[in-house]
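Hi,

Here is the structure I promised to pass on. Have a look at it first, and then read my notes below.

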Amino acid sequence: MAHYIDLNCDLGESFGPYVLGNDEEVLKEITSANIACGYHAGDYRVMAQTVKQVAVAGVAAGAHPGFQDLQGFGRREIQISPEEVYQLTVYQVSALQGFCRIEGTAMQHVKPHGALYNMAGRDPGLAEAIASAVYDVDKRLILFGLSGSELVKAGERQGLRVAKEGFADRTYQPDGSLTPRGRDNAVIHDADTAVRHVKQMILDGTCTAVDGTIIPLEVNTLCVHGDNPQTLAFTRSLRHMLLEEGIQIRSFT
């Protein structure tokens, strides 16, 4: 059983006149923030504002690089080379790092977004490109990846510190991957179900897949998606359960 857990959430996903999520309230409940870097969501103004909010809240800041796909919110798979994945990762992580330096807050981690995250979870070449990019920008950064995935393995090979991630609001396939979002049962919408789901991960080190298979799952950071309407309720319920079980909630730093 884990003695402590990090709670992370995707933030800074508004852009232009469009407001997405409830970042200000969510920041009161989480310990790490994955901040959009302008490709799948966010823009330079929102990045600057979000980093400032995260620093004031005392939450650990992380870059959330994704595919350049505002229309698809970075959730559509794009076939590009590992070299391009390396470059887009360096570009976005470096941009957010600049805003962190201005606010006097150290960047803690990098977590790829959406389709890029999922593709790197199963493709060793893309995983290696992301891990190399993170290492080359700042080898002190922690790489967040799906527990058991190629991304975690690549980070470990690169010599990075890695965080093995579980998802409070997503269901799992028997192979340990997340259920694709196009399926009806991909997202958990009920807070009580999410709490039971996470409790099994943390206390038992396992997860029940959609077909009933029990799969091993080592987790030290938990994600709740910022664009889920239930994010605030989920996060508050999860905090209550974790504290009740005697598990500390804190960031890696």
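One term before we start: a contact means heavy atoms within 4.5 Å. This is a predicted model, so local features need pLDDT of at least 70 and side-chain atom pairs count only at pLDDT 80 or more, while totals for chains, interfaces and linings use all residues. Residues are numbered from 1 along each chain as its sequence is written, and side-chain values use heavy atoms, with hydrogens and water left out.

Let's begin with the overall picture. The protein has 8 helices and 10 strands; these are DSSP runs numbered from the N terminus, with helices being H or I of at least four residues and strands being E of at least two. Along its principal axes, the C-alpha trace spans about 40 × 35 × 35 Å. A compact globule with 253 residues would have a radius of gyration near 18 Å, and the protein's 17 Å agrees with that. (That radius is taken over C-alpha atoms, and the globule rule is 2.2 Å times the number of residues to the power 0.38.)

Of the 253 residues, 56% are buried. Buried means under 20% relative accessible area, exposed means over 50%, and partly exposed is in between (1.4 Å probe, protein chains only). Among contacts with a separation of 6 or more, 72% are between residues 24 or more positions apart.

Now for the charges. You'll find 22 positive and 31 negative side chains, with the centres of the two sets 3 Å apart. Lys and Arg count as positive and Asp and Glu as negative, leaving out His and the chain ends; each charge is placed at NZ of Lys, CZ of Arg, CG of Asp or CD of Glu.

How many salt bridges are there? The count comes to 14, where a salt bridge is a side-chain nitrogen of Lys or Arg within 4 Å of a carboxyl oxygen of Asp or Glu.

- Arg-122 and Glu-77 meet at 2.5 Å, N to O. Arg-122 is in helix 4 (residues 114-122) and Glu-77 is in the loop between strand 3 (60-64) and helix 3 (82-103), so this pair ties together parts that are 45 residues apart in sequence. Glu-77 is partly exposed, at 43% relative accessibility.
- Glu-128 and Arg-157 meet at 3.1 Å, N to O. This pair links distant parts of the chain, 29 residues apart: Glu-128 sits in helix 5 (residues 124-137) and Arg-157 in helix 6 (residues 150-158). Glu-128 counts as partly exposed at 28% relative accessibility, whereas Arg-157 counts as exposed at 51%.
- Lys-153 and Glu-150 meet at 3.7 Å, N to O. Both lie in helix 6, 3 residues apart, about one turn of the helix. Lys-153 is partly exposed, at 38% relative accessibility.

There is also a network: salt bridges that share partners join Glu-25, Lys-28, Glu-29, Arg-236 and Arg-239.

Two more residues to look at. Is Gln-97 buried or exposed? Gln-97, which lies in helix 3, is buried, with a relative accessible area of 8%. Leaving aside neighbours within four places in sequence, Gln-97 is in contact with Met-107, Val-137 and Asp-138.

Then there is Phe-73, in the loop between strand 3 and helix 3. Its phi is near 55°, a positive value in a residue other than glycine. Phe-73 counts as buried, at 15% relative accessibility.

Cheers
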